[in-house]
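Please read it alongside the sequence and the structure shown below.

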Amino acid sequence: MMRRLLLVSNSTLHGSGYLDHCQQQIADFFGKDVKKVLFVPYALHDRDKYTKTARDKFQTLGYEVSGIHEAADPVEAVRKAEAIFIGGGNTFRLLKSLYDNKVVSEIRKRVLEDGVPYMGSSAGTNVATVSISTTNDMPIVYPPSFAAIGLVPFNINPHYLDTDPNSRHMGETREQRITQYHEEVDTCVLGLREGCMLLVEGNKATLLGSTNARLFNRGKPCEEFKPGSDLSFLLTDAH
């Protein structure tokens, strides 16, 4: 399998600008061969403004950006893309728009069969997985399916938050919500804390960034992984 993925938990860290915390990883990931990145701004309402934000940042890294919504034919835009970046926002709106524009299967084909590099942040990371069932977002629209692009055989929870023992908040913790998910489904969930990202190259997966990730498997204790950890085992169908 030719896939190359950079799955980022969040686009902005506290105290820094848009994608500042992962710009070196972006440059390493896309390298010198990529000149132009197809940006998918479907997760936010103002697609033009969002594309400008991405374009301004990527220009500083030496890459040209085109918005998929600017193309007359979104499917054709995906077919011609050198690289794809799907940004964050509302995951339900994002997935619905991907289905509405008939690009879900085309993105999957380009990434898994043609080796086109795929970067996602937050919601863009969610839709790269099996389903969007472990997103943190509100269902403000209704996509035809929760099934996502399926570039990896597991789910991710971006912006994973640890339980605060001093909090008086009585709602479910993130861990409890993932446990509830596992009462229905056995797909494992990788919790990416802010500052965390996953690099996938073929059948090799490596944790990058500045924070640990937490892995949830149905009926098993949670596991912690530090940056630099080899998570290739997640890419087998058994997980």
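## Salt bridges

Asp 20 and Lys 57 form a salt bridge, with their closest N and O atoms 2.7 Å apart. This pair connects distant parts of the chain, 37 residues apart: Asp 20 belongs to the loop between strand E1 (4-8) and helix H1 (23-30), and Lys 57 to helix H2 (residues 47-60). Asp 20 is partly exposed, at 34% relative accessible area, whereas Lys 57 is buried because its value of 11% falls under 20%. The model is predicted, and it holds 16 salt bridges.

Within helix H4 (residues 91-100), Asp 100 and Lys 96 lie 4 residues apart, about one turn of the helix. Their side chains meet in a salt bridge at 2.8 Å, N to O. Asp 100 is partly exposed at 43% relative accessibility, as is Lys 96 at 27%.

Glu 172 and Arg 177 form a further salt bridge, at 3.5 Å from N to O.

E6 and strand E7 (residues 189-192) run parallel and are joined by 4 bridges. Asn 155 has Val 189 in E7 as its bridge partner.

## A loop residue

Pro 139 lies in the loop between helix H6 (123-126) and strand E6 (155-158). Pro 139 is exposed, with 59% relative accessible area. Phe 92 is 47 residues from Pro 139 in sequence, yet their C-alpha atoms are 5.6 Å apart in space.

Notes
Residues numbered from 1 in each chain as written. Predicted model: local features only at pLDDT ≥ 70, side-chain atom pairs only at ≥ 80, totals over all residues. Heavy atoms only, no water. Helix = DSSP H or I, 4+ residues; strand = E, 2+ residues; numbered from the N terminus. Buried < 20%, exposed > 50% of the residue type's maximum accessible area, 1.4 Å probe, protein only. Pairing = 2+ DSSP bridges. Salt bridge = Lys/Arg side-chain N within 4 Å of Asp/Glu carboxyl O.
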